[in-house]
Amino acid sequence: MANSKVAVVTGANKGIGLAIVRALCKRFKGDVYLTARDPKLGEASVKKLKEEEGLTSHFHQLDITNLQSITRLRDVLKKEFGGIDILINNAGIAFKGADQTPLHTQAEVTLKTNFFATRDVCTEMLPLMKPHGRVVNVSSILSQRALASCSKGLQEMFRSETITEDELVTLMEKFVEDTKKGIHGQEGWPDSAYGVSKIGVTVLSMIQAKKLNEERRADGILLNTCCPGWIRTDMGGDRALYSPDQGAETPVYLALLPSDAAGPHGQFVCKENVVKW
C-alpha cells in the first residue's frame, strides 16, 4: 500500500472534523483516516458514515496531547502508506464564554491542546509528507481579533517575518505564566486563551511553511492555516451562522489544491480567500 494515497484528519468524530472526513471520502482518491481520542466515538462515526451515506473511512485512535499516541499513528502511516498526502490538524478545544474557570487554568489547558499538541503532531508528521502533500492547520478568525487586542510590541513579534518556532513557543509559554501571575493584562495580552492559542497556530503555520521551503523546496508541499467560520458545533453553539459541512469547505479546498498549484502557501485563509495577517 506504500503507493496508495492517504488523508488524515484529527479530532474528527464530530463537528467540522467529521464534515471534513465526509467531504474527503467523496472527493479524495485515497484512504481517509478519521482520528479521535475516544475509540468508541471514532469507530461509531466511521460506522455511521458507512451505513447512512455509503462512505468508507478508516479509524485510528489519536490523542494529540499524548506523544506516544501521535508516534503510534505516525508509524502506521509510514509503514502502510510510505507517508502522508493530506494532513488536516482540526483537533482543538475551547471553554464557553460563560465558563467560570480561572483564566490561568483555561490558558494552560487550551494552549496545551490547541498549540503545543498541534505542534507535536506537526513535528512528527511533517517529515512524512509526500511530494505535493497538503497540510491544513485549522485556526480561527478569533486569532486575528486576539492579535488586535495585544500590545503593539506583541503584535510586532507575532507579525515578524523572522520569528522562529522557538521564539513562538517562548511567547506561548509566557502567556500561560503571565496568566498564572495575574499580570497578563499589563504584559499586553488579551483575556482570550482560545484567541491566543489560535494566534499560536496561525503563526506556527507560517513558520512551518517557510521551513518546508528551505528544507523541501522542490517537493511542492503546501501548508496553510484557515478559519472555517462560525460553525454550529458543540464549540460554536447553536446560534452559529454555518453548518459543519459549510465549515469544512475551506479546509477541504486547501487539502485538495491541484498538484501543480503554487499556492496559497503559508497563508491564513478564510472562505477560500487569503486574509492579511
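Which residue forms a salt bridge with Lys 180, and how far apart are the closest N and O atoms? The partner is Glu 177, with the closest N and O atoms 3.6 Å apart. A salt bridge here is a side-chain nitrogen of Lys or Arg within 4 Å of a carboxyl oxygen of Asp or Glu.

## About the model

This is a predicted model, in which local features need pLDDT of at least 70 and side-chain atom pairs count only at pLDDT 80 or more, while totals for chains, interfaces and linings use all residues. Residues are numbered from 1 along each chain as its sequence is written, and side-chain values use heavy atoms, with hydrogens and water left out.

Lys 180 and Glu 177 both sit in helix α7, three residues apart, or about one turn of the helix. Helices (H or I, at least four residues) and strands (E, at least two) are DSSP runs, numbered from the N terminus. Lys 180 is partly exposed at 40% relative accessible area, and Glu 177 is also partly exposed, at 38%. Buried means under 20% relative accessible area, exposed over 50%, and partly exposed in between (1.4 Å probe, protein chains only).

Elsewhere, salt bridges with shared partners join Arg 22, Glu 53 and Asp 245 into one network. The whole structure holds 13 salt bridges.

Asp 178 is buried, with a relative accessible area of 4%, whereas Lys 174 is partly exposed at 32%.

## A link from α7 to α8

Glu 165 forms a salt bridge with Lys 211, and the closest N and O atoms are 3.0 Å apart. This pair ties together distant parts of the chain, with Glu 165 in helix α7 (residues 165-181) and Lys 211 in helix α8, 46 residues apart. Glu 165 is buried at 13% relative accessible area, while Lys 211 is partly exposed at 33%.

## Where α5 crosses α8

Helix α8 (residues 193-215) also meets helix α5 (residues 142-149): their axes come within 8 Å and cross at roughly 105°. That makes α5 roughly perpendicular to α8, a label for angles of 65 to 115 degrees (under 35 is roughly parallel, over 145 roughly antiparallel, and the rest oblique). Axes are lines fitted to C-alpha atoms, for helices over the stretch in contact, with angles running from 0 to 180 degrees between N-to-C directions.

From α5, the contact (heavy atoms within 4.5 Å) involves Leu 142, Ser 143, Ala 146 and Leu 147. From α8 come Tyr 194, Gly 195, Val 196, Lys 198, Ile 199 and Thr 202.

## The nonpolar cores

A nonpolar core is a set of buried Ala, Val, Leu, Ile, Met, Phe, Trp, Tyr and Cys residues joined through side-chain atoms within 4.5 Å. The largest has 32 residues, and those touching the most other members are Val 9, Ile 20, Val 21, Leu 24, Leu 34, Ile 86 and Ile 88. Helix α1 gives the most to this core, with eight residues. Apart from this core lies another, of 27 residues, including Leu 168, Met 206, Ile 207 and Trp 277.

Leaving aside neighbours within four places in sequence, Leu 24 is in contact with Ala 7, Val 9, Val 32, Ile 86, Ile 88, Val 252 and Leu 256.
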